[in-house]
Structure formats: C-alpha cells, structure tokens
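Dear colleague,

Please find the structure below, handed over for your records. My notes on what was found in it follow.

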Amino acid sequence: RRCAGLAPAGGMDVERRSDAMPKASAKHLWAVYFLGLIATFFTNLEAVPFMSSLAMGCCCALAQSIQRLWMFALALIPIGAVMGVSTWGFLMEAALAICVLLQIPMFGAYLVHRRLTIRHPELWSVTLAFPCVNTALWVLSSILLPIGSEGSPAYNMAGQNLMFIQCCAWLGRSSITFMLSWLAAAAAQRWVNPKSGFALKASVGCYLLLTLAGGLRFYAPSFLGAFDLEGPETFDFYGISCLADLPDMFATTKDRLDAGDRIIIHAERSTDPTDVSSYQALLQQHYAKSHTEALLVLSFVKNERSWYKLLTRNGTEMSYAKNHPVPFVETDIAPGQAPPGVAKSLQLSEQSISVTGTICFDTDFPYLTRSLSSAELLLESSATWSNIGQQHLRGHQYAAVENGQTLVKCTYDGYTGAISPHGSIVYQAPQTSGVVSFQLPQYPKLTVFPMLFMAFEIIVGLAACIWILLACSPQLSTRWLGRCHLLPERLGNEWPEWQPEERLRNAT
C-alpha cells in the first residue's frame, strides 16, 4: 500500500529525502578525493589494474556526497589535469588540455549518477546509470574525437588481465568500459549508503563470471589439445623482420629476403618514396631464385599523406592513406578518406592467408579495425615515442581479440611485437632503429561476433538516453522506478514534514 502513492504534495523534488541519509565528514571526503587523484595518475602509461574503477568510484562517491554541484565541478578540474599528466607521453600539453575538457561530459555522467542514487538510494539498478552513460560517452569519443579509444577506462586493463579481456570477443571493448564503470558506481553507492550492498555484489559477481568465461575461452584450445589422439596442433612459422630508420632500407630488405624471411615490414615513414616501384621487382627476383613467396609492407609520405602499401611479387595487394593523423603532432599530412582493405588468398605457406594492415594511430579506432575482422593477419606499421611504446602495444590487444586475428606491430622508437588472437603478447622488443627479426606461428583465426559489438553499444546508448531522461525528471523516475525508497522505516521513525498527504494516507 505504501509504495502506491502519488508524488509528494506541492510538487517538491523527492531528492530532499537525502537529508536523512548518513553524510560523510569533510575529512573522509578529502581522503576520497586524494585517493581519486592518485588512482587517476596510474590509469594510463604506468597502468595499474582497476585504477580506472577506483578513480571513477571516488568521483561517483564525491558526486553523491558533495552538496554543492559547483564545488564538485571544480574538483573535476584537478582530476582532469592528473589524467593529462598520466597521458602526457601521448600528446604532452595537448593531452593535458584534452583530458581537462573531457571532464565536461564526464560531469554529466556523474550528475546522472548523483541524482538517481540520491533519489533512489536503496534501488540497486540505478547504479547501472553511470556505466551506461560513461560507456556511451567513450563510444562517441572513439567515433567523433581525434583521440579514438585512447584514454578510455578499458585501456587501463590492457596487458593486465587476459582472462577478463576475452569478453571483447563477444561484446567488444566497450563491455570492458561498462564493467569497470559499474564496479565504480556500485562501490561508491555502497560507501555512501552502507545498506545498499546488492549492487556491489552483483557487479563483482558479473566480473567474476566474465573472467571465468574468458578463462575457458583462453585455455580451451590447450585443454582440448591434451585429449586429441592425433597429437598437439602444429603451426607453420613465419620469419618476420621489422625495419626502422636505416640508411639503406632497400639493401636491408634484400638481405632479409635472402635470409629467408617471409614477411618484412617497414616502420611508419621509413620507406623512401622514390624506391617504391623497385620493391616489386625485388620480390620477383627473390621468387625466381628461391621459389618462395614473400610479403612486404611499405610506409612512406607522398602528396601530403602517409601511405601504407601491402606488396607481393604480383603487385600491390592493398594500399591506403592514414585515416587519423595524430592530432597536434602530424600536422604535415592530411587524413586519408578510404579505410584499409583486406587482401585475400595470399600464398605464404601451404595454406593461403588473408592479410590486412593499419598505420599506427588508426589501430586505436575500433570502427576502423572491426571492418578488417575477416583477415587472419594484421600487419601494423607505426612510429611511436619510447615513453608510450609498451602501453601502445598493449592497447592493441583489443584489436587482436575483437577481430580474432594475429597482430604484428612494427615500430620506430617504440615496442615492436606480435599479439596472438587471444591477446597474448607472444613477442615484444624495444626498437628505435635497425632490424628486429623473430619467428611467428600461423595461429588459426578465432570466432568473434562483430554484430554483437554494435548491438551492445546501441543498447547501452539507448539505455543511457533513458537514464538521462530519468535523471532530469523526478516525476518520471518516481513513476518508473517506484517510491519504496521514501518509506521512513529504514531511514528513521519520523515522517518527513514535507509529506503530509503520504502520512495521512498511510494512517488511513
């Protein structure tokens, strides 16, 4: 009977009920704030697992606890500055400015969380509002902003928890952002309102189930192979060389072909544009002499664009211009208009293989890399700078897992490496210049579900719109989410003075 009432008399906002909730002391709020600053610092280049969840959780708790919104808005500016310091190696001063500006939409996500959790403090489902809005914001960022998916909460887990990252093969990297955001919102709600602990239990349980499912996906091939009567699966191996910033790239390429390498990748901008036409003849001469196929990736700047060319003895198999130049850094080139393609049925061993490729920063844009999911092998040509090289390689684990393909990254002044379809970094080495050579197994392509990625992001986006609408309208949220939270039995024995009609109706 009590939950079936109408809105409070006089149209007063039910958020006034928050006065009955326990309030944190100023000392505790300052402690949470400094903890959030420290956690934010360790979310990117020197990533520590779950620091993004801790940082967002601290901000959610502050959003619920600080009474004056303008004070919370000002508190986000240092948070953004520390995030800029954490990503300083990417764009330096520009990273600082971008991260501070990102706090404007983040303020909106925290505001939605604040209004709904204060209005419905014991309703666990309102903790899903922040992860929906936050995930939708980062999806829009990966589409609209020039930084792609870098800086998103998902990047904090890159290279940290392969079992959990496996869920990218089912729902995409946005599911990582959603799960980390839910853990943050649920923990904040539990800290502010100790009686509402179900949301935290549900989010932790969901995380553990995803990790368990990911572990089954990760270890299933090894486990099933132990019971295979035909023996363990064998792989063909490719000899791969990465060439960067050499005085004579053409001569070194010829030497690596003579050494038996099947795949040779030039780091970004390392190819002399005047020699491009000579490389096909070099591959033809190599085949005539050894009767072995080889694949060559060239990268050069021509006509104010950074070009990627995938070359065999038969000619150019795929070519495209870099779609996303690094903002504030690559001001000398214009973005290309066409995305990369997939070269199918290339004969590098006894079995044919489909190959694609990207240039450096393009690999950080999910909607570009997902269009290449039909390829078995992605060859990336890049040029980073040493202080971000390793984290940049780790971040590209998401592209490998989402597409179920092997990714090889050849870089100048960064980390060259190879990532298996499960996301394992099977080889990595720092490379500033010269030649890095290694052997790579021909891993089988794994099954992924690209349509589910888009479906998940659309559902989360629609849910975010609904949560924003509920946050903006107390009447709608009261009608749709119920009013049991207005009962005073769990908050005290006295009825609020501003609810005379509710009090009279209950007495009747």
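In these notes, buried means under 20% relative accessible area, exposed means over 50%, and partly exposed lies in between (1.4 Å probe, protein chains only). The model is predicted: local features need pLDDT of at least 70 and side-chain atom pairs count only at pLDDT 80 or more, while totals for chains, interfaces and linings use all residues. Residues are numbered from 1 along each chain as its sequence is written, and side-chain values use heavy atoms, with hydrogens and water left out.

Cysteines

C59 is buried, with a relative accessible area of 3%. A disulfide is a pair of cysteine sulfur atoms within 2.5 Å, and a search of the whole structure finds zero of them. For C59, the closest cysteine sulfur is that of C58, at 6.9 Å, which is too far for a bond. C360 also counts as buried, at 4% relative accessibility.

Strands

Helices (H or I, at least four residues) and strands (E, at least two) are DSSP runs, numbered from the N terminus. Two strands pair if DSSP finds at least two bridges between them. Strand β7 (residues 352–359) has seven of its eight residues buried, so β7 is largely enclosed by the rest of the structure. Strand β6 (residues 342–347) pairs with β7 in the antiparallel sense over four bridges, and a hairpin of four residues joins β6 to β7. In this pairing V342 stands opposite T356. With strand β8 (residues 377–383), β7 pairs in the parallel sense over five bridges; here G357 stands opposite L379.

Salt bridges

A salt bridge is a side-chain nitrogen of Lys or Arg within 4 Å of a carboxyl oxygen of Asp or Glu. The whole structure contains 12 salt bridges.

K289 and D258 meet at 3.2 Å, N to O. This pair links distant parts of the chain, with K289 in helix α12 (residues 276–290) and D258 in helix α11 (residues 249–258), 31 residues apart. K289 is exposed at 57% relative accessible area, whereas D258 is partly exposed at 43%.

R269 and D332 form a salt bridge of 2.8 Å, N to O. R269 lies in the loop between β2 (263–266) and α12, and D332 in the loop between β5 (315–321) and β6, so the pair ties together parts that are 63 residues apart in sequence. R269 is partly exposed, at 33% relative accessibility, and D332 is partly exposed at 43%.

In the salt bridge between K409 and E380, the closest N and O atoms are 2.9 Å apart. Because K409 lies in strand β9 (residues 406–412) and E380 in strand β8, this pair ties together parts that are 29 residues apart in sequence. K409 is buried at 0% relative accessible area, and E380 is buried at 0% as well. Salt bridges that share partners also join E268, R269, K322, E330 and D332 into one network.

Helix α16

Helix α16 (residues 450–472) has 23 residues and spans 34 Å from its first C-alpha to its last, close to the 33 Å expected at 1.5 Å a residue. That expected span is 1.5 Å times one less than the number of residues. The buried residues of α16 are F453, F456, E457, V460, A464, W467, L470 and A471.

Kind regards
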